[in-house]
Amino acid sequence: MAGRVAVVVVVLLTAIAIWQTRGTGPDLSRVAVVRSPEGIMGTTCTLVAVVPRGREAHAQRGLDAAEQALREVDALMSTYLESSEISAVNRAAADELVSVSEELASVLVYSRDVWRASDGAFDATCRPMIELWRRAGREGSLPADAEMDAARESSSWKDFELLDNGVRKAKDTARLDLGGVAKGFGIDRAFEAIRAAGCDGVLVDVGGDVRVDGVDARGEAWKITVRNPFGPKPLAAFGLAAGSVCTSGDYERFVEIDGVRHSHIIDPRTGRPAGSVPSVTVVATDAMTADAWATALGVLGAEGLDRLPTGVEALLVEGDERSCRMITNREMERRLGEFGKPPCSE
Ligand code: AMP
Ligand code: MG
């Protein structure tokens with residue numbers, strides 16, 4: 001009797017399995033159109049538009065517009081390009097009115113807002129300090145205290161007047177750097193360009209910072225994996241229906257002087273490279289918010305979590321390879337759910 005029941009169960013299970021494969025077999029109704037343009041913001045770039053089969057041409061047009069948007073943002077906001085608007089502002093003399101695009105003006109206003117909200121930790125006027133530490137890295141010797149003080153004094157938001165038709169500086173030496181936020185702004189512009197083409201799913205990835213919406217080609221939520229700065233196992237993995245994830249960290253970008261690594265993020269309060277936060281990952285609705293706050297928390301560490309705008313999530317790794325800990329705010333803890341907090345040393 002027991003044998004017969006087992007057979008029935010097996011037959012039933014097989015029937016259910018066949019029915020399930022029929023019902024949920026590979027969904028071929030959508031296709032992912034992927035492009036990886038080169039020379040975008042000095043890093044890797046992947047653009048994806050998921051569309052119903054047959055609408056690939058629409059997707060291509062969305063990707064064209066996205067690529068163009070990213071190149072435009074770079075051309076306006078890169079300090080590596082002499083021809084950019086930001087370089088014109090940096091070169092300008094005191095009292096000179098430099099006219100800037102609406103895009104740059106909006107990023108400057110946003111950057112000043114985050115400077116206030118982060119108690120000065122995110123400071124786009126810190127260009128002289130960044131140049132000082134880059135030069136120190138090239139020459140292999142630490143800057144003198146007097147040089148650090150001079151760099152800190154030479155540029156601050158009180159030296160910039162943001163006007164409707166441009167920017168005016170109070171001092172020749174005041175200079176800007178949008179390296180902590182322009183990528184996020186560019187990702188948002190590219191994202192909107194793809195979405196406007198009418199897609200079921202969008203992914204924009206510039207150097208590992210992403211914004212997604214909708215579904216991937218299998219019709220599932222996009223999977224996000226957060227890299228561990230100290231080990232091969234991911235720190236976290238989760239599905240994201242819509243939003244942005246940006247990471248700041250000194251484990252990939254730093255200057256080394258006398259065998260000591262110094263973060264590429266400057267603590268504007270001290271004029272020295274920020275310490276002790278090897279990796280910060282922020283999840284927000286848009287990429288500009290996630291990008292700016294990842295940089296801000298790279299300076300503030302866990303103490304900055306209270307300053308995050310409502311709904312923004314963060315995951316930080318503090319310490320070093322021998323002794324590190326993972327810290328999350330309540331919103332991020334909820335997202336990670338059963339993934340929990342693995343030891344960051346694994
Ligand atoms: P991210 O990788 O987004 O954290 O941006 C780091 C870049 O932002 C650096 O390479 C600098 O160009 C710039 N930066 C460094 N320190 C700061 C800071 N405290 N506030 C704003 N931007 C910064
Ligand atoms: Mg940033």
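Tutor: Let's start with a cut-off: a residue counts as buried when its relative accessible area is under 20%, and as exposed when that value is over 50%. Keep in mind that this is a predicted model.

Now take methionine 41, which sits in the loop between strand 1 (30–35) and strand 2 (45–52). Its relative accessibility is 19%, so methionine 41 counts as buried. The backbone is worth a look too: methionine 41 has a positive phi of about 50 degrees, although it is not a glycine.

Move on to the loop between helix 3 and strand 3, where you'll find aspartate 95. Here again phi is positive in a residue other than glycine, with a value near 75 degrees for aspartate 95. Aspartate 95 has 59% relative accessibility, so it counts as exposed.

Alanine 92 belongs to that loop as well, the one between helix 3 (85–91) and strand 3 (97–98). Alanine 92 is buried, because its relative accessible area is 3%. What does alanine 92 touch, leaving aside residues up to four places away in sequence? The contacts are Val98, Lys169 and Asp172. Look at the lysine in that list: alanine 92 and lysine 169 are 77 residues apart in sequence, yet their C-alpha atoms are 7.7 Å apart in space.

One last stop, the cysteines. Cysteine 246 is buried at 1% relative accessibility, and cysteine 199 is buried with a relative accessible area of 18%. As for disulfides, the structure holds 0.

Notes:
Residues numbered from 1 in each chain as written. Chains lettered and ligands numbered in written order. Predicted model: local features only at pLDDT ≥ 70, side-chain atom pairs only at ≥ 80, totals over all residues. Heavy atoms only, no water. Helix = DSSP H or I, 4+ residues; strand = E, 2+ residues; numbered from the N terminus. Buried < 20%, exposed > 50% of the residue type's maximum accessible area, 1.4 Å probe, protein only. Contact = heavy atoms within 4.5 Å. Disulfide = S-S within 2.5 Å.
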